[in-house]
Amino acid sequence: MSLLLVAQNRDMKPFRDEILEIDSNIDVEIWPAVSKPERVQFAVAWNHPKQVFRQYPNLKAISSLGAGVDHLIPDESIPQQVRLTRVVVPSLKEQMCDFVLTSALNLIRNTQAYHTQQQRADWIPHQHLPKEEMTVGIMGMGELGSAVASRLQVNGFRVCGWSRSKKEIDGIDTYDNGQLDDFLNKTHILVCLLPLTSQTDGILDLDLFKKLGKPAFLINAARGEHLVEEDLIYALDTGLINHAVLDVFTEEPLPGSHPFWGRKKITITPHIASLTDPKEAASLIVENYKRLLSGMELLHEVDRERGY
Ligand code: NDP
Ligand code: OXD
């Protein structure tokens with residue numbers, strides 16, 4: 001029995017070391033140097049080469065190395081009986097809360113304008129937007145979205161949330177799938193924390209931007225494919241949206257020639273909103289590996305039909 005770590009452009013040795021620290025008897029291999037493919041029963045994957053899992057005839061489960069599973073779901077070469085799981089750990093939530101709170105505060109306190117002014121030694125005070133008058137609307141009230149909602153609310157923002165099924169969270173206005181327009185009309189700072197599925201692909205488009213309250217801002221920390229890029233540029237140029245904070249992109253790394261780089265109304269971060277901590281992830285991976293071998297239920301299993 002072995003546990004395989006598969007990733008492109010990511011060093012998997014810290015994850016192997018943490019797994020071995022927990023249990024040195026686990027046979028851990030790092031792709032592509034796999035000595036006995038037939039022994040692999042559990043894999044951990046991030047940005048894997050398509051078709052790679054065909055090489056492991058006894059594979060029973062794959063864990064994403066992160067919260068998202070959009071890199072696994074569309075891979076038709078993963079047999080239907082292979083179970084999929086994902087990483088749900090406290091530090092992913094904590095980091096995402098910090099990222100969204102910092103971004104929202106920067107937006108209402110004109111941080112970008114002051115960066116630009118400093119380069120010109122310009123002393124120009126601006127009115128900032130009162131946070132108690134700004135409603136942050138969170139699309140996707142799952143593990144991350146609901147934690148972010150609570151963090152913003154205790155920091156003085158008005159918060160509303162939208163998800164497939166309606167949530168009950170103290171102090172937060174919640175909306176379900178059929179109430180998207182009501183949710184958008186209330187929202188000034190739109191935060192996307194949806195999983196990428198066939199239903200959410202391209203959801204951040206011009207039609208949606210037009211329904212937001214005024215002033216409007218966007219924070220996308222989910223996936224680049226949620227956003228229709230040309231629609232965002234139009235919305236920024238026409239004042240429908242004042243500023244966008246983007247952590248994720250359809251093509252990563254974002255190419256140097258991409259039009260987003262040169263825009264003052266876009267803040268770019270390199271997919272760092274929330275980073276998987278090897279130590280924390282290793283304990284969940286080992287737990288699920290052992291559960292698999294003992295025929296137990298897996299933690300944080302993904303519904304392949306639903307896509308998240
Ligand atoms: P969850 O699966 O816990 O939550 C997803 C939420 O989205 C749920 O509330 C779900 O509704 C809702 N949802 C799904 N589909 C729809 C739909 N069609 N319409 C309305 N609501 C929908 O995911 P996480 O919170 O753990 O993670 C969210 C995403 O964040 C990940 O998939 C990943 O892409 C991204 N991410 C980005 C990171 C970064 O560093 N930038 C780091 C980690 C994650 P319901 O509750 O009713 O099921
Ligand atoms: C994740 C991510 O899905 O880092 O965990 O994007």
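In this predicted model, 30 residues surround ligand 1, a residue being counted as near a molecule if one of its heavy atoms lies within 4 Å of it. The closest are Arg86, Leu144, Ser165, Lys167 and Tyr308. Polar contacts, defined as pairs of N or O atoms within 3.5 Å, were examined for this ligand. An oxygen atom of ligand 1 is found 3.0 Å from a polar backbone atom of glycine 142. A nitrogen atom of ligand 1 is 3.2 Å from an N or O atom in the side chain of glutamine 199, and an oxygen atom of ligand 1 lies 3.2 Å from a side-chain N or O atom of arginine 223.

The surroundings of ligand 2 comprise Trp46, Gly66, Ala67, Gly68, Arg223, His271 and Ser274. With oxygen atoms of ligand 2, a backbone N or O atom of alanine 67 forms a pair at 2.7 Å, and a backbone N or O atom of glycine 68 forms one at 2.8 Å. The side chain of histidine 271 places an N or O atom 2.6 Å from an oxygen atom of ligand 2.

Residues are numbered from 1 along each chain as written, while chains are lettered from A and ligands numbered from 1 in the order of writing. Local features need pLDDT of at least 70, side-chain atom pairs count only at pLDDT 80 or more, and totals for chains, interfaces and linings use all residues, whereas side-chain values use heavy atoms, with hydrogens and water left out.

Two packed helices are described by the angle between their axes and the distance between the axes. Helices are DSSP runs (H or I, at least four residues), numbered from the N terminus; axes are lines fitted to C-alpha atoms over the stretch in contact, with angles from 0 to 180 degrees between N-to-C directions. The axes of helix 2 (residues 90-108) and helix 4 (residues 143-154) come within 9 Å and cross at roughly 50°. Helix 2 is therefore oblique to helix 4, the term for angles that are not under 35 degrees (roughly parallel), over 145 (roughly antiparallel) or 65 to 115 (roughly perpendicular). The contact (heavy atoms within 4.5 Å) involves residues of helix 2 including Leu92, Met96 and Leu101, and residues of helix 4 including Leu144, Val148 and Arg151.

For helix 1 (residues 13-22) and helix 8 (residues 278-293), the axes come within 8 Å and cross at roughly 55°. Helix 1 is therefore oblique to helix 8. Pro14, Phe15, Glu18, Ile19 and Ile22 of helix 1 meet residues of helix 8, among them Pro278, Ala282 and Val286.

Conventions: Helix = DSSP H or I, 4+ residues; strand = E, 2+ residues; numbered from the N terminus. Polar contact = N/O pair within 3.5 Å; in protein donor to acceptor, adjacent residues only side chain to side chain.
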